[in-house]
Amino acid sequence: MGRVQGKVALVTGGAMGMGKTHSEDLAREGAHVFVTDRDVAAGEAVVQGIVASGGKAEFLALDVTRESDWDSVTAAIADRAGHLDILVNNAGILVLKPAHETTNDEWDAVFNVNVRGVWLGIRACVPLMKNRNASIINISSIYGLVGAPSAGAYIASKGAVRLLTKSCAVDLVGFGIRVNSVHPGVIDTPMTRDLLHGDAETRKAIMGATLFDRPCRPEEVSKAVLFLASDESSFVHGAELVVDGGYVAN
Ligand code: NAP
């Protein structure tokens, strides 16, 4: 019996990085996973891998910034599964610039994906999640908790995700929906690949205050997501789960 056996899950940004490993872990533990992304080919490849390993998954195209995409995705899930137990709002983008040098377009792009995308997802999915002991997991960052150089829009957006999570925890508890945020530290994914695997100075700067001498593996964050998705976390609500190798403790 898997840890999320029989549950229905939706993961955004599931084509690569942590969204891929969240999708794979949830499927391995028995969930029917709707893997979504704007990258159709890569998302379908993730689904093929899950199905080949005996898991249950389907791909649905979703740009989290588009309300009409959310309408199509939730209609498809209602049709194929009837309900939703787990929503992982994972899709995110990074712009590496200080706030005072960030353009309007860069600011809007980051907030559109990282904040509006999470809000649209919650609003679209709640009707499918009511009264099922469901779980919403919003992927924030350590940079939703502390500052850092040269990422003003990103840090502001991840701080917004942290408090959106808490407001939704208050508003959705009456529907039996738990809402929590996950705060990864420095994770080795396509988002950070060039920074972590370029020159030693950049790697040191990005690793920042991490107490481990390596970045986190995506699947190590997926274990935290799996805990919050499962009934093992039945009293964990409005919480912020930090997975950062000691970064914010330092
Ligand atoms: P990643 O490797 O860049 O993967 C992100 C995925 O999200 C990609 O498949 C990307 O597709 C997709 N995506 C981006 N914008 C989208 C949109 N509008 N609609 C749908 N999908 C979209 O990122 P990651 O490192 O796994 O990060 C996952 C989450 O963790 C993000 O929210 C990120 O901010 C957060 N996080 C990452 C780190 C880290 O160190 N990597 C640390 C803390 C928090 P495209 O390729 O088409 O853009």
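Around the ligand stand 28 residues, and of these Asp37, Arg38, Asn90, Tyr154 and Thr189 come nearest. The model is a predicted one, and the space that the ligand takes up in it is the largest pocket.

**The shell around the ligand**
- Sorted by class, the shell is made up of 15 nonpolar, nine polar and four charged residues.
- Two helices, α1 (17-28) and α5 (152-172), each contribute at least two residues to the shell around the ligand.

**Polar contacts and cover**
- Arg38, one of the residues that come nearest to the ligand, has an N or O atom in its side chain that lies 2.8 Å from an oxygen atom of the ligand.
- Met18 takes part through its backbone, where a polar atom is 2.8 Å from an oxygen atom of the ligand.
- At Val64 a backbone N or O atom is again involved, and this atom lies 3.0 Å from a nitrogen atom of the ligand.
- On its own the ligand has 900 Å² of accessible area, and the protein covers 91% of that area.

**Aromatic pairs**
- The count of aromatic pairs, taken with ring centres within 6.5 Å, comes to two.
- In the pair of Trp107 and Phe111, the ring centres are 4.9 Å apart and the planes meet at 15°, so the pair is stacked, given that planes under 30 degrees apart count as stacked.
- Both Trp107 and Phe111 belong to helix α4 (residues 104-129), where they are four residues apart, which is about one turn of the helix.

Definitions and conventions. Residues numbered from 1 in each chain as written. Predicted model: local features only at pLDDT ≥ 70, side-chain atom pairs only at ≥ 80, totals over all residues. Heavy atoms only, no water. Near = heavy atom within 4 Å. Polar contact = N/O pair within 3.5 Å; in protein donor to acceptor, adjacent residues only side chain to side chain. Areas by Shrake-Rupley, 256 points an atom, 1.4 Å probe, with all protein chains shown as cover. 1 Å grid on protein atoms, 1.4 Å probe; cavity = no way out; pocket = protein on both sides within 12 Å on 5 of 7 lines; lining within 4 Å. Sits in = over half its atoms within 2 Å of the grid points. Nonpolar A, V, L, I, M, F, W, Y, C, P; charged D, E, K, R; others polar. Phe/Tyr/Trp six-rings, centres within 6.5 Å; stacked < 30°, edge-to-face > 60°.
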